[in-house]
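My notes follow in the order in which I looked things up.

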Amino acid sequence: GGNLTRSQELHQVPGNNGTSATHTTTSTAAQRTPGHGTSRAAVVAAGTAPELGGQEAAAIGTHRVLAMDVTLAPRDPQAPGQFGHPVAVPDDKQEEAKSRWKEGNFNVFLSDLIPVDRAIADTRPAGCLEQQVHNDLPTTTIIMCFVDEVWSTLLRSVHSVLSRSPPHLLQELILVDDFSTKDYLKEKLDAYMSQFPKVKVLHLRERHGLIRARLAGAQVARGTVLTFLDSHVECNVGWLEPLLERVRLRRARVACPVIEVISDKDMSYMTVDNFQRGIFTWPMNFGWKQIPQEVIEKNKLKETDIIRCPVMAGGLFSIEKKYFFELGTYDSGLDVWGGENMELSFKVWMCGGEIEIVPCSRVGHIFRNDNPYSFPKDRVRTVERNLARVAEVWLDDYKELFYGHAYHLLQRRAELGDLSQQKELRERLQCRSFRWYLENVYPDLAAPLVKASGLLVNVATLHGAQHFNYTWLRLLRHGELCVVPMGAAGALGLRPCGGWESDLAWRHSSMAARPELVSGIPTPHSPQSSLPGHWPLGACSATNRYQQWRFGSYH
Ligand code: UD2
Ligand code: MN
């Protein structure tokens with residue numbers, strides 16, 4: 001699995017911290033019934049206002065989102081990077097900057113140069129300033145776990161929380177040190193943070209990995225809502241209340257801010273395109289996908305509308321603490337990094353909750369090309385193992401698609417560890433099927449259960465064999481029967497397919513435009529007869545047209 005990057009267009013934000021001109025919008029009521037197809041309901045939930053029960057709102061009262069930001073009048077307006085402006089490395093410092101890059105896989109030299117409490121531009125869409133939130137929002141514990149984070153970046157993350165979160169909502173900020181090796185993250189960090197009564201540092205005694213480190217923070221959290229953040233972020237003005245409001249309105253909900261970009265090169269704060277959903281592609285790679293312009297226009301979507309997402313990025317979100325524990329938190333068998341966002345996303349949706357991006361909440365994050373810390377075991381293998389665990393527990397029959405796109409993992413299923421607890425949890429919570437998820441939450445994902453199907457035809461002879469499915473596990477299936485080599489002569493026959501440990505795979509490089517069966521099924525013995533029994537195996541050859549086969553349709 002590659003690292004998380006944001007590849008869509010970025011926009012440099014204007015230099016003043018100017019709040020955008022006020023523009024009053026009243027949200028129109030929109031249905032929030034679980035969606036069908038890619039209708040409005042599938043991608044967007046109602047804005048804040050319509051969900052306030054009239055009477056309740058009157059009794060409890062609401063207020064506009066507090067634009068609290070102690071950095072609005074920065075100590076030193078001339079400081080480099082102030083207001084989120086880009087910073088350039090001076091000519092005589094190029095070498096130094098270059099050599100320090102690997103400390104965090106971003107421009108650490110510049111991070112050290114800019115104030116830890118710099119101001120950034122308020123990038124919220126017009127309309128956010130008018131939004132109302134309840135007066136009785138729940139409190140939150142912010143959990144920020146880190147391993148060997150860069151000092152100035154960690155401090156900037158903490159300061160951005162303290163500067164831009166309403167104190168009455170911030171129960172505490174727990175820094176979970178995942179057994180860092182750097183000296184400055186020990187007594188020096190404790191001493192620095194001791195000036196902030198709400199900040200607690202929890203030093204783990206061994207490396208837990210981010211998944212179990214977050215859980216260590218969650219165990220001791222005292223706030224009603226947990227808010228997870230990475231340790232290289234800058235929370236923007238008014239970021240917290242809209243998240244807590246969404247959780248306040250419905251507890252079975254995960255609320256995510258829009259993740260904006262802090263440039264790894266010049267440390268500038270950049271906003272991103274609106275109307276992006278969190279999605280995944282096979283084999284479970286997270287990405288963002290733009291909502292098509294027609295959908296935006298047809299449904300008159302506004303930039304402030306909540307966006308429902310099939311999956312979340314993973315790092316930044318609010319979830320009610322009790323709900324998180326009811327869901328069984330994360331699968332604690334997931335190691336170090338990766339895949340936990342998929343696990344929680346599937347679990348939330350399939351077990352009755354929902355995941356959304358809240359456009360009026362914005363947090364910058366430094367996206368890096370590589371993890372700057374070491375993995376206890378091989379990085380790729382760790383992430384792959386995590387993803388396969390998630391596939392085994394949540395994808396039902398569709399896990400064949402996962403393995404079909406990551407075929408080498410099929411051999412490693414024995415390494416996945418015990419999954420019985422996770423499967424029991426899914427039973428106990430009476431979660432829906434993955435098929436339900438596909439139909440209702442992510443209908444635009446292509447998820448055909450077989451790769452190809454129909455009459456299997458030899459290209460050389462155009463002779464049709466029986467109807468077969470070519471599965472993601474590379475079986476040639478005819479109902480419950482699979483094509484297998486039989487007998488010493490290498491003739492073919494049909495046999496019950498058997499389970500996952502089947503070794504009956506056929507390699508077929510199938511491109512709908514130029515389908516070719518590259519290996520496996522060979523020269524015909526008797527072109528007139530049907531496939532099984534009469535097409536002996538022969539050595540593979542790229543040019544032998546008798547070895548080229550085509551299916552009726554490719555999916
Ligand atoms: C993304 C998520 C990240 C996590 C990851 C998949 C965002 C912005 N980031 O990757 O939160 O969901 O996908 O797992 O959505 N850390 C530890 N111990 C470890 C490894 C990491 O404490 O063993 C910390 C790390 O210092 C950082 C956080 O966990 O604060 C996330 O790690 P990352 O920033 O390397 O992940 P990222 O942003 O590439
Ligand atoms: Mn990160």
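I am working from a predicted model. I began with the spacing of the donors of the manganese ion (ligand 2), which along the chain reads D-x1-H-x132-H. I then placed the two histidines: H232 is in the loop between β8 (225-229) and β9 (233-235), while H365 is in strand β16, so this pair ties together parts that lie 133 residues apart in sequence.

Next I listed the coordinating atoms. The manganese ion (ligand 2) is coordinated by D230 through OD, H232 through NE2 and H365 through NE2, at 2.2 Å.

H232 has 5% relative accessibility and counts as buried. H365, at 8%, counts as buried too.

I checked the length of α8, which covers residues 209-220. The helix has 12 residues and reaches 17 Å from its first C-alpha to its last, close to the 16 Å expected at 1.5 Å a residue.

How many residues of α8 are buried? I found nine of the 12, so α8 is largely enclosed by the rest of the structure. I noted the buried residues of α8 as G209, L210, I211, A213, R214, L215, A216, G217 and A218.

The buried residues of α12 include the charged E340, E343 and K347. Among the others are M342, L344, F346, V348, W349 and M350. After α12 comes G352, and I noted that its phi is positive, near 100°.

I counted five cavities of 30 Å³ or more. The largest cavity has a volume of about 190 Å³. I listed 25 residues lining the largest cavity, and those closest to its centre are P257, V258, Q276, W288 and I357.

Which elements give two or more residues to this lining? They are β10 (253-262), β12 (276-281), β13 (285-290) and β16 (354-366). The largest share comes from β10, with four residues.

Last, I sorted the lining of the largest cavity by class: 15 residues are nonpolar, five are polar and five are charged.

Terms used:
Residues are numbered from 1 along each chain as its sequence is written. Chains are lettered from A and ligands numbered from 1 in the order in which they are written. This is a predicted model: local features need pLDDT of at least 70, side-chain atom pairs count only at pLDDT 80 or more; totals for chains, interfaces and linings use all residues. Side-chain values use heavy atoms; hydrogens and water are left out. On a 1 Å grid over the protein atoms alone, a cavity is a set of points where a 1.4 Å probe fits but cannot get out, and a pocket is an open set with protein on both sides within 12 Å along at least five of seven lines; lining residues have an atom within 4 Å of a point. Grid points are joined across faces, edges and corners, and a volume is the space filled by probe spheres set on the points. Donors are N, O and S atoms within 2.8 Å of the metal (3.2 Å for Na, K and Ca); water is not among the atoms, so sites may look incomplete. Buried means under 20% relative accessible area, exposed over 50%, partly exposed in between (1.4 Å probe, protein chains only). The expected span of a helix is 1.5 Å times one less than its number of residues.
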